[in-house]
Protein chains: 2
Amino acid sequence: MLEIFRAYISAQGGFNNEELDRICSVATQRKLRRKQLVLLEGEICRHKIFVAQGLLKNYRVRDDGTESILRFAPENTWTTDHESLTKQIPSRNNIEALEDSQVLLWTIDDLNDLLDAIPAFKAYTDRFITNALDASYQRIHVNISYTSEEKYDDFVSSFPDLFNRVPLHMVASYLGVSRETLSRIRQSRVKQNKIV
Amino acid sequence: MLEIFRAYISAQGGFNNEELDRICSVATQRKLRRKQLVLLEGEICRHKIFVAQGLLKNYRVRDDGTESILRFAPENTWTTDHESLTKQIPSRNNIEALEDSQVLLWTIDDLNDLLDAIPAFKAYTDRFITNALDASYQRIHVNISYTSEEKYDDFVSSFPDLFNRVPLHMVASYLGVSRETLSRIRQSRVKQNKIV
DNA sequence: CGATTCTTTGAAAACAGTCAATCTGTGTGG
DNA sequence: CCACACAGATTGACTGTTTTCAAAGAATCG
């Protein structure tokens with residue numbers, strides 16, 4: 001599992017072997033079964049998570065019990081509850097495995113040590129958060145200005161590896177439309193031979 | 001104008017006078033008239049902007065010519081096109097003054113120098129971007145899971161100083177609903193004596 | 001195989017968008 | 001000071017989209 005992470009982080013550039021060893025040395029490895037929770041709403045998020053294998057979802061439960069999915073985290077991506085982790089306040093989100101998964105965990109303290117000790121890691125993290133912010137603004141733009149059809153198309157082209165890996169009703173939940181509506185949108189695409 | 005910024009940034013803590021001087025010394029002051037553009041779509045964003053007085057909007061023009069507002073920047077906040085500024089690629093957004101305004105501008109190069117030279121400024125910026133990311137995720141959650149009514153209420157409570165300072169149709173554009181719909185939502189509130 | 005999860009479909013109701021007209025308030029020029 | 005233009009807000013009627021509810025069909029898991 002560590003090899004996957006090592007390959008990923010090496011590809012980001014700027015690390016020597018000693019630094020890679022140090023980063024890996026404080027990671028905890030964990031296997032998750034499908035439907036297993038990594039973070040429960042109300043808990044304080046203790047870890048930043050790297051997904052080496054599998055797929056996780058980050059979601060929030062509404063008052064009526066339905067859930068809205070904030071994001072998916074497939075292999076070679078990070079996830080966490082950013083707000084809960086950095087401020088050490090109770091989380092409003094849940095993180096759950098959608099497939100059997102393998103993840104690496106870093107505590108916030110270890111992470112901060114690494115950020116202080118390894119400039120390249122700090123630079124990588126800064127770059128990462130910057131990209132996350134840009135992506136986040138882009139998603140807001142999609143949310144407020146696209147039609148439901150366009151949102152679906154955008155999802156498909158943004159996440160070609162995800163759109164038929166996660167259940168349709170979860171894509172609907174991610175986009176903020178009902179599963180029935182998304183099903184009909186997809187059907188109308190099929191009839192127009194715009195099969196995706 | 002610099003005094004306003006100085007007061008703001010001092011309140012963030014961690015700066016000595018020399019550092020404050022240095023930060024201020026590379027800022028360009030600029031006055032903006034209502035409706036004046038600071039950034040035009042297609043241009044490469046050259047500056048990070050601090051609003052000392054007035055109000056700016058950051059928006060994107062859709063294919064049909066209507067605009068969707070990504071965010072507002074009142075006094076004592078920052079704005080820029082983050083993606084365009086950091087990657088030096090053409091901007092997809094416009095930034096325009098909604099009121100006569102006074103702003104301070106930093107070029108990306110000067111900014112990077114300051115970040116390297118002044119750890120407290122780097123720490124502040126990191127904190128800032130972290131908060132922006134959290135806020136951004138929160139807005140996504142609102143977008144995908146709230147009704148239009150709830151979105152309006154959320155806007156009012158999130159920006160009590162803005163909701164009757166900007167025209168209603170711009171609030172609508174920010175929320176992603178039509179101005180007529182937002183007008184009706186607000187009217188139904190009045191009739192229910194939930195006057196805001 | 002049975003149980004569960006996921007997807008689709010139909011019909012009705014709720015909701016939001018569009019278009020067009022009117023109303024309001026503000027500021028400008030005569 | 002008034003008349004006018006202009007930007008913004010509201011309203012009604014209509015249309016189109018989306019949700020909701022209910023049921024049934026398909027796929028998948030254990």
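Author: One term to begin with: copies are superposed by least squares on the C-alpha atoms of residues with pLDDT of at least 70 in both. Bear in mind that this is a predicted model.

Reader: Okay, so what rotation superposes chain A on chain B?
Author: A rotation of 180 degrees, with 0.0 Å of shift along its axis; the RMSD is 0.0 Å. That is the relation of a two-fold axis. Both copies use the same surface, as 100% of the contact residues of chain A recur in chain B.

Reader: How many residues does the contact take from each chain?
Author: It takes 22 residues from chain A and 22 residues from chain B. On the chain A side, strand 5 (67-74), helix 3 (82-87) and helix 5 each supply at least two residues.

Reader: And which of those gives the largest share?
Author: Helix 5 of chain A, with 13 residues of the side that touches chain B. By type, that side of chain A splits into 8 nonpolar, 9 polar and 5 charged residues.

Reader: Tell me about helix 5, then. What span should it have?
Author: Helix 5 of chain A covers residues 119-145, which is 27 residues, and at 1.5 Å a residue they should span 39 Å. Its end C-alpha atoms are 39 Å apart, so the two agree.

Reader: Which residues of helix 5 are buried?
Author: In chain A they are A:F121, A:S136, A:Y137, A:R139, A:I140, A:H141, A:I144 and A:S145.

Reader: Switching topic: what's up with the phi of A:N76?
Author: Phi of A:N76 is near 65 degrees, a positive value in a residue other than glycine. A:N76 is in the loop between strand 5 and strand 6 (77-79) of chain A. It counts as partly exposed because it has 15 C-beta neighbours inside 10 Å.

Reader: And where is A:Q88?
Author: A:Q88 is in the loop between helix 3 and strand 7 (94-97) of chain A. A:Q88 also isn't a glycine, yet has a positive phi of about 50 degrees. With 11 C-beta neighbours inside 10 Å, A:Q88 counts as exposed.

Reader: Last thing, the DNA. How many residues surround DNA strand C?
Author: There are 15, and the closest are A:P167, A:L168, A:S183, B:S148 and B:T181. Two or more residues each come from helix 7 (168-175) and helix 8 (179-191) of chain A, and from helix 8 (179-191) of chain B.

Reader: Which helix gives the most there?
Author: Helix 8 of chain A, with 6 residues. The surface near DNA strand C divides into 3 nonpolar, 7 polar and 5 charged residues.

Technical notes: Residues numbered from 1 in each chain as written. Chains lettered and ligands numbered in written order. Predicted model: local features only at pLDDT ≥ 70, side-chain atom pairs only at ≥ 80, totals over all residues. Contact = placed C-beta atoms within 7 Å. Helix = DSSP H or I, 4+ residues; strand = E, 2+ residues; numbered from the N terminus. Expected span 1.5 Å × (residues − 1). Buried ≥ 20, exposed ≤ 12 C-beta atoms within 10 Å, placed from the backbone. Nonpolar A, V, L, I, M, F, W, Y, C, P; charged D, E, K, R; others polar. Near = placed C-beta within 6 Å.
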